[in-house]
Amino acid sequence: MNWEPVIGLEVHVQLLTSSKIFSGASTAFGADANTQACAVDIALPGVLPVMNEQVARMAVKFGLAVDAKINRRSVFARKNYFYPDLPKGYQISQYELPIVGEGRLTIDTDGGEKTIGITRAHLEEDAGKSLHEDFHGMTGIDLNRAGTPLIEIVSEPDMRSAKEAVAYLKKLHTLVRYLGICDGNMQEGSFRCDANVSVRPVGQQELGTRTEMKNINSFRFIERAIEYEIERQIDVLEDGGTVVQETRLYDPDKDETRPMRTKEEAHDYRYFPDPDLPPLELDDTLIEATRQTLPELPDTKQQRFMTQYALSGEDAAQLTVSKELADYFEAAASATKGDAKTVANWIAGDLSGYLNKENKEITASPVDAQQLALLIDRIHDNTISGKIAKEVFEAMWHGEGSADDIIDNKGLKQITDTGAIETIIDEVLARSAPQIEQYKNGQTKVFGYFVGQVMQATQGKANPQQVNEILKRKLDA
Amino acid sequence: MHNKPLTQLADDLVTKRVSSVEVTQYFLSRIEQHGNLNAFITVDPDFSLAQAREADRRIQQGDRPALIGVPVAHKDIFCTKGMLTTCGSRILSNFVSPYDATVVDRLNQNGAVILGKTNMDEFAMGSSNETSYYGPVKNPWDNATVPGGSSGGSAASVAARIAPAATGTDTGGSIRQPAAFCGVTGFKPSYGQVSRYGMVAFASSLDQGGPITRSAEDAALLLNVIAGFDARDSTSVQRQTPDFVADLNGDIQGLRIGLPAQFFGEGLDSKVERVVREALQEYEKLGATLIDIDLPNSDLCVPCYYVLAPSEASSNLARYDGVRYGYRASDYSDLIDMYMKTRAEGFGDEVKRRIMIGTYALSAGYYDAYYLKAQQLRRLIAEDFERAFEQCDVIMGPTTPTTAFAIGAKTDDPIAMYLNDIYTISVNLAGLPGISIPAGLDGNGKPIGLQIIGQYFGDTHVLNAAHRFQMTTDWHQRAPSGVQQ
């Protein structure tokens, strides 16, 4: 039988506010345990939540970016359950009336563009962390994260493969960083994903029983977890079994999922409207003002790069993966006399290579856009060849100075003096009688040999175009 | 000294006829003398006297805010920095708050001295003060009877003149009912008038702090300090805070007093009814007119309340889990066991009962039938009042159906206990201001309260009506015989 996977994702996005959603405590990551948890965060008797307005604006920003309905009135609800890192014994969330309603996100798939439905996005507070190591059989609780604002973005079950799921996640990841509402740091948990997976026979309308995998924190793990889970469910069904509705945990070390709790063990969260917080009312002024703050979104930017800089869809997509990268490209492209395609190639090639190797963000690149533009200028004006440029770039990366300094200091300037090149070519030809013979006999491939010899003699500095022209002229004479 | 109205006491203090240390010391000794009442959970003379000395220093320097040097007792539901805040519960029996409730903070800023923390029903759940982990409070008028609850310690201490004034909280009658039983004045402001920040939550949408004093005038004096918008409480209402004292004296000629048929029906003790009717005649003499009104959904108040309040409570009390502060069971095998033992040992029966009721009402499959239905009823009850106030300016009736009952008389019958609040609960459900003032005594010399209910944020009208009555009567000046001297 052929099986069709059905995947829906719930993504928790930590909002980049300076203070928490219902208290004034700082949200900065990495402070000593429990130093960023105030009376409200640790749920002392008598404390009350007060909504941080910045949070609502960020959620609206997201809603507008995914073309969603913004609910003028949304309601905070309490989700009740006991856990040591949940200080109040309930999480303040939104249930029946979320701030963001139905929206959509378009992804690229092998079969072309596909629109993934967004069911809703609601506001909620994060819990603290339970620390199971270093406490000698006890559990430590760090409440620094408690009360950090989140939006939970719930998708429709519109994805049909792990690859599509990852494409959606990456798109979302790009988007929230563009919007400046999330730092996207998956290791620190700023962007976390729960995946709901089921399978059904191709052609069947009814959904199969789903399982949920919680808190997966890398694109690679998400892809593997979903793939594993699809395989597992198909195996179960093909062996005549039934899939149990349950929450499963993905173990990246073993690359498998295993049961965490079943539906019967699932909590009854006893949601009810939080009496401490009035409904969140948004007026058109706030929504319109927020709309004005929307940056150019990735899809629009990609289209513009294709038309404005004559880039391929693939190049444009790669350059717009982050706003910072796109900004870098535009800065370099407008500063250089060379063409935009060359800039794109340099970014995708050497620059990305070095960044990846040293695990650096584009904003931390030691070679800035202006410096890269200058280097490309030197290729453009024939001061150096593309090949020499790689050597110059490496030196620039290591802080040896500007392109011009390095070219001067290392004597890398290209030889463009026709007379000088002719002299060298003549010397090469003088000691290459057998190769000349071969060339004359139609083995034109040997042309590369002459070029190589000339380049070797000039340490790569001869202008390749001139070398080609002069060689051709002399050989074909 | 202990019979002086607050205004006079405050005046004596700023004119240095007496020092705050002297006044504080005086009331601290009275508390000790009347220790049998069990009105206080915590008294900390060093703490109070240090505040009193600070007040005296401010007075010397000419800094004279409204309540400078006046000792005020706080219901043990208000967080007080550096002093125990137990909420009448074992589970908070070791809790010292690192911060002051807004009500406490505002009183402190205005120079008031914290006289101590008064006894109360555990987590304000009770109408007799018998659910307190610290034992019942005795009614100063008759030590065999209850003082009412949940603010029983506050009401008893004001009645016994061991505190010049006190704070209380009222979720379903917890200020007004004990005020009625103890023959003092207890005012529950409109919901949102007084900040709930730092007031241990029982049922957030109903809880409201307010003063328990000997007169409406004293209440107004306290309200001028404690009322008003607080940015730390999202349910506090942002509007101009009136001058409660200045608004006391308005003429009530032509005041239309609504009398709900439902407040004078079955279950109302005849002696209580007689005293209330006499008080109403007094109002007629003052120029008011009496109008019969209808609150048709009154019979739904108690069931509605006993779904909503426990629902909110079941969630509000989840934080007492033994993890971060408060009582934790000593022996446990794992996390769940720790939770279960801590809460089983830390909470009393009435609290557990309400947590269970609330948990049930919010559960999947029951939510619509209970919680949601109760919310709809709450709307109907509020609308009853809105319609009634088209015909009248204030509503009056008895605060309670009977006078104070014997300690132990209703502890085994929660429903009978709940029915004590039959006239007060609707006021909380509708978010309205309400006061109970002493209106007379029954045949056994036990006090009877008259309840006055106002429109939403018509707090000053309620106090005005109460004050005019107290200007021509002396019921509020009567003290229990045992504590006169």
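## Helix 3 of chain B

The expected span of a helix is 1.5 Å times one less than its number of residues. In this predicted model, helix 3 of chain B comprises the 16 residues 45-60 and should therefore span 22 Å, which agrees with the 22 Å that separates its end C-alpha atoms. Along this helix S48(B), Q51(B), A52(B), A55(B) and D56(B) are buried, and because these buried residues fall within an arc of 145 degrees when seen down the helix axis, they line one face of the helix. An α-helix has 3.6 residues a turn, so residues three or four places apart point the same way.

The buried residues of helix 3 of chain B pack against three elements of chain B, namely helix 2 (20-33), strand 2 (71-75) and strand 3 (113-118), whereas D46(B), R57(B) and Q60(B), on the other side of helix 3 of chain B, are exposed. Helix 3 of chain B is followed by G62(B), with a positive phi near 85 degrees.

## The contact between chains A and B

For the complex, the predictor gives an ipTM of 0.96 and a pTM of 0.91; the mean pLDDT of chain B is 96, with 100% of its residues reaching 70 or more. Across the contact, 37 residues of chain B meet 26 residues of chain A. On the side of chain B that touches chain A, the elements giving two or more residues are helix 9 (301-316), helix 10 (335-346) and helix 11 (349-362) of chain B, and helix 9 of chain B provides the largest share, 3 residues. By class, that side of chain B has 19 nonpolar, 11 polar and 7 charged residues.

## Helix 11 of chain B

Helix 11 of chain B has 14 residues and should, at 1.5 Å a residue, span 20 Å, in agreement with the 20 Å between its end C-alpha atoms. Its buried residues are V351(B), R354(B), I355(B), G358(B), A361(B) and L362(B); seen down the axis of helix 11 of chain B, they fall within an arc of 135 degrees and so line one face of the helix. On the other side of helix 11 of chain B, D349(B) and M356(B) are exposed.

## Backbone features in loops of chain B

The peptide bond from G149(B) to S150(B) is cis, with omega near 10 degrees. A124(B), although not a glycine, has a positive phi of about 65 degrees, and A124(B) is buried, with 30 other C-beta atoms within 10 Å.

F457(B), also a residue other than glycine, has a positive phi near 65 degrees and is found in the loop between strand 11 (447-453) and helix 15 (459-472) of chain B. F457(B) is partly exposed, with 18 other C-beta atoms within 10 Å.

## Domains of chain A

Chain A is divided into domain 1 (3-289), domain 2 (296-410) and domain 3 (418-476). The C-alpha centres of domain 2 and domain 3 of chain A lie 32 Å apart, and the contact between these domains takes 4 residues from domain 2 of chain A and 4 residues from domain 3 of chain A. On the side of domain 2 of chain A that touches domain 3 of chain A, the residues divide into 1 nonpolar, 2 polar and 1 charged.

Technical notes
Residues numbered from 1 in each chain as written. Chains lettered and ligands numbered in written order. Predicted model: local features only at pLDDT ≥ 70, side-chain atom pairs only at ≥ 80, totals over all residues. Helix = DSSP H or I, 4+ residues; strand = E, 2+ residues; numbered from the N terminus. Buried ≥ 20, exposed ≤ 12 C-beta atoms within 10 Å, placed from the backbone. Arc of directions from axis to C-beta. Contact = placed C-beta atoms within 7 Å. Domains from an automatic or database assignment. Nonpolar A, V, L, I, M, F, W, Y, C, P; charged D, E, K, R; others polar. pLDDT = per-residue confidence, 0-100.
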